[in-house]
Amino acid sequence: MMEKRIRLRSVNAHITCSLCKGYLIDAATITECLHTFCKACIVKYFEENNTCPKCHIVIHHSYPLNYISFDRTMQDIVYKLVPHLQEKEMKRQIEFYKKRGLPPPNYTGNDENSNERSKTPVAMNGEEQDFHRSDEQINVCLECVTGSMRNLKRRFLRLSCQATIMQLKKFIALKIYNNMTRFKDVDILCNEEILGKDHTLKFVSVTRWRSKDTPLLLHYRQRVAEL
C-alpha cells in the first residue's frame, strides 16, 4: 500500500499564528474559544486588548491572560511537521539569552530534553501557571429546567472557583448541541435569577447561594427569545 504524502503548505493555515504569520512557537490556546497563537504574540496582544484576535469574543474584561494555556499537542504537531523548526527555535533562544548575559534555558535540543521542556507549564508574567489546579474548588450541580433541552449525563462537577458562567454555558452547549458556539442559546440561573456571563463561580457562591453546605445548584434552560 502506497503511503500518501501531504504537502506542508496544505496544512500551513492550521499550524501558523495569525498574529505573526509564522509557525506556532510555544503554542497557547484561548480556553474560551480554542483559537491558538504563539505565546509571545498573544501575551503582547492582551496588553491592550481583551478579545480573541480571530473571533473577537470578549475573553475577560480584566484578566484575559488567565484564559490561555500551553497547547502541548499542537506544539508537538508543529515541530514534527516543520523540518528543523525546533532546533532553530532552541538556538535562537540560547542566542537571545547570551546577548543579554543571562543563563540559557536548561535544555540541549535532544529529544529527551525537548520532551521534558514541553511538560513545563507556560509562564505568564515570570511565574509558572498551573492552569487553576491550585485554585479553591467548588462543587456544582447542573439541573435542566426546560423540557426542550435534555439533561446532562453528568450533573455534578468540581470546578475552579475562577471558572465563569460563560465557560459553563459553552460546556452545556457542547454536551447538548454538540456545538460550543451555541452557548448563546443557553441561560444559567441561580435562585431563578439569570447569571451574567462574566460572573465567576466564587462570586455566585458568595452572593447568590444560600445553602453553603451543599453543592452550588445552577439551573440551565434554553434561552428565551427576545422580543
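Is Asp187 buried or exposed? Asp187 is buried, with a relative accessible area of 8%. The views below come from a predicted model.

**View 1. Asp187 sits in strand E8.** The cut-off for buried is under 20% relative accessible area, and Asp187, at 8%, therefore counts as buried. Beyond its neighbours within four places in sequence, Asp187 contacts Ile194, His219, Tyr220, Arg221, Arg223 and Val224.

**View 2. Five strands form an open sheet.** The strand order is E7-E6-E10-E8-E9. The pairing is mixed. Strands E7 (156-160) and E9 (193-194) stand at the edges, each with a single partner strand, so one side of each has no neighbour in the sheet. Strands of a sheet pair through backbone hydrogen bonds, either parallel or antiparallel. Strand E6 (residues 137-144) pairs with strand E10 (residues 216-222) in the parallel sense, over 5 bridges. Cys141 stands opposite Leu217 in E10.

**View 3. Helix H3 has a buried face.** H3 spans residues 72-81. Its buried residues are Met74, Gln75, Val78 and Tyr79. Seen down the axis of H3, these fall within an arc of 130°, so they line one face of the helix. The face turned away from the buried side carries Thr73 and Lys80, both exposed.

**View 4. Glu143 and Arg155 form a salt bridge.** The structure holds 6 salt bridges. In the Glu143-Arg155 pair, the closest N and O atoms are 2.7 Å apart. Glu143 lies in strand E6 and Arg155 in the loop between E6 and E7, so the pair ties together parts 12 residues apart in sequence. Glu143 is partly exposed, at 27% relative accessible area. Arg155 is partly exposed too, at 33%.

**View 5. Arg208 and Glu193 form a salt bridge.** Their closest N and O atoms are 3.1 Å apart. Arg208 lies in the loop between helix H7 (201-207) and E10, and Glu193 in strand E9, so the pair ties together parts 15 residues apart in sequence. Glu193 is partly exposed, with 35% relative accessibility.

**View 6. The side chains of Lys197 and Asp198 meet in a salt bridge.** The N to O distance is 3.5 Å. Lys197 is partly exposed, with a relative accessible area of 34%. Asp198 also counts as partly exposed, at 28%.

How values were computed
Residues are numbered from 1 along each chain as its sequence is written. This is a predicted model: local features need pLDDT of at least 70, side-chain atom pairs count only at pLDDT 80 or more; totals for chains, interfaces and linings use all residues. Side-chain values use heavy atoms; hydrogens and water are left out. Buried means under 20% relative accessible area, exposed over 50%, partly exposed in between (1.4 Å probe, protein chains only). Helices (H or I, at least four residues) and strands (E, at least two) are DSSP runs, numbered from the N terminus. The arc is that of the directions from the helix axis to the C-beta atoms. Two strands pair if DSSP finds at least two bridges between them. Contact means heavy atoms within 4.5 Å. A salt bridge is a side-chain nitrogen of Lys or Arg within 4 Å of a carboxyl oxygen of Asp or Glu.
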